[in-house]
Amino acid sequence: MNEQGKSHRPGVPTKLPNEGGPTTSEAVEGQGLVKENADQQNTRRTQCRARVHSELEGVRRIAKRDKDVKFTALFHHITIDRLRLAFMETNRKAAVGVDEVSWAQYEGNLEANLLDLHQRLRRGAYRAKPSRRVYIPKADGRQRPLGVAALEDKIVQRAVVEVLNAIYEEDFLDFSYGFRPGRGQHDALDALVTGIKRKKVSFVLDADVRGFFDAISHGWLVKFIEHRIADKRVLRLIQKWLNAGVVENGTWMECEEGTPQGATVSPLLANIYLHYVLDLWVQRWRKRSARGDVVITRFADDFIVGFQYRSDAERFLRELKQRLQQFSLELHPEKTRLIEFGRFAVNTRKQADLGAPETFDFLGFTHACGTTENGKFQIERRTMQKRMTAKLHELKLELQQRRHQPIPEQGRWLRQVVGGYFGYYGVPGNEKRLRSFRDQVKRLWLRALRRRGQRDQMNWARIGRLEERWVPPVQWRHPWPEERYDATIRDKNRMR
């Protein structure tokens, strides 16, 4: 079945009448404006953005109404307006790809460039360029490979992702949080804590898929996409990006599997892959095979599963390994663990004199079993030690480079960096780690300022006053998980 049921005049693209509403969570960049024209140009851009987004409402309606429909006419949604908005939302300071074209260079003749790009897309003359391979350090000392795409590839990928999101946001399940519009790490963290506390969870599977982005099977990925997308031109675009390869040290290398981390389209492709390989399978498994409660939260290729019974957990783990193997994936043996965790695990281990339950890490936080002041079970969340150590090392190196700058300039930079850090890690119960981080920042700043010269008079009293003025205080930036989770559910239900 497809969404086209009416004939249309040649040369006039058929517009899909599509629709959608917000999903509910599972229970438990713009050009600078000429001053005198700012209001007028902002109005046009706002109207353009609203029009471009509203064109996909028909797609959303159909995707929501019929989960089996195949969309045969999506390419006409990749308009010049959508390409322009995609360009404006692209990071203008990002590294250039193999084309060596920067955002500012492309903007210099923007309308002509976009018209040429749009015409090449329509003629089928657009060619995807290989990604430029770069490496960034990970917290554990290893290097993470990233693919830097050419600017036009970023633009087209962003436009295609927006079109496809109208469909897949109606398909993806509520326990999937990674790289989805309106969802972030703290939404996933809230759902995880709420699920473990409200369900009868005694065991937790901390799972990680080994080298996921490099292991994705192109064959399976295309088959999964074809479940919903039957527009040949959109499918050819995706296949061009998959087959473009990478350039490393001037040498082109073919990529027969995987999708480059860093490419704009990669997160969506990864979510589609795991939707069919993992999410739908987990949903069926807990309905048909589980004896007790099962909760799951997934963010990209990291996911946590909670179980009421050990037998369920062990059987799930065995069958999960078999399931992933069918699709060229495997669990990381060192990063995948099954542990006792939860309020029932606390009592069981205490009776057996086994000590406190083990901890697990998820999205930068170490999760541990604790208690409130009233003695009730509470999940404690602390900044992962290796994440804090890595950030302090980064700050140390940067302060050494900035130590000869005026102190107010250093202070403004530190305020921004520390504020951003607290903005993520400032959760209830993490105050001890936040105070430790702030104290270490003060020590690093003092050490850097003392090395500006032998006559420098910086001491603890002066650095204390500087810290009080420039470094943000320790405070919560987030509510308790269950409060925000419940509020989010209420808001989404109100919109339905």
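1. The protein chain contains 18 helices and 11 strands, and the model is a predicted one. Of its 496 residues, 48% are buried. The accessible surface amounts to about 25300 Å², with 47% of it belonging to carbon and sulfur atoms.

2. Helix H5 covers residues 110-123, and its 14 residues should span 20 Å at 1.5 Å a residue; the end C-alpha atoms are 20 Å apart, in agreement with this. Gly 124 follows H5 and has a positive phi, near 80°.

3. Leu 110, Leu 114, Leu 117, His 118, Arg 120 and Leu 121 are the buried residues of H5. They lie on the same side of the helix, because they cover an arc of only 160° around its axis. Their packing partners are helix H3 (80-88), helix H4 (103-107), helix H6 (151-168) and helix H10 (232-243). Arg 122 and Arg 123, on the other side of H5, are exposed.

4. The whole structure holds 26 salt bridges. One of these joins Glu 152 to Arg 120, with the closest N and O atoms 2.9 Å apart. Glu 152 belongs to helix H6 and Arg 120 to helix H5, so the pair links distant parts of the chain, 32 residues apart. Both Glu 152 and Arg 120 are buried.

5. Arg 180 and Glu 169 form a salt bridge with a closest N to O distance of 3.0 Å, and both residues are buried.

6. A salt bridge also connects Glu 340 and Arg 349 (3.1 Å, N to O). Glu 340 is buried, at a relative accessible area of 15%, and Arg 349 is buried at 15%. Elsewhere, a network of salt bridges links Lys 197, Arg 198, Glu 482 and Asp 486.

How values were computed: Residues are numbered from 1 along each chain as its sequence is written. This is a predicted model: local features need pLDDT of at least 70, side-chain atom pairs count only at pLDDT 80 or more; totals for chains, interfaces and linings use all residues. Side-chain values use heavy atoms; hydrogens and water are left out. Helices (H or I, at least four residues) and strands (E, at least two) are DSSP runs, numbered from the N terminus. Buried means under 20% relative accessible area, exposed over 50%, partly exposed in between (1.4 Å probe, protein chains only). Accessible areas come from the Shrake-Rupley method with a 1.4 Å probe; for residues, only the protein chains shown count as cover. The expected span of a helix is 1.5 Å times one less than its number of residues. The arc is that of the directions from the helix axis to the C-beta atoms. Contact means heavy atoms within 4.5 Å. A salt bridge is a side-chain nitrogen of Lys or Arg within 4 Å of a carboxyl oxygen of Asp or Glu.
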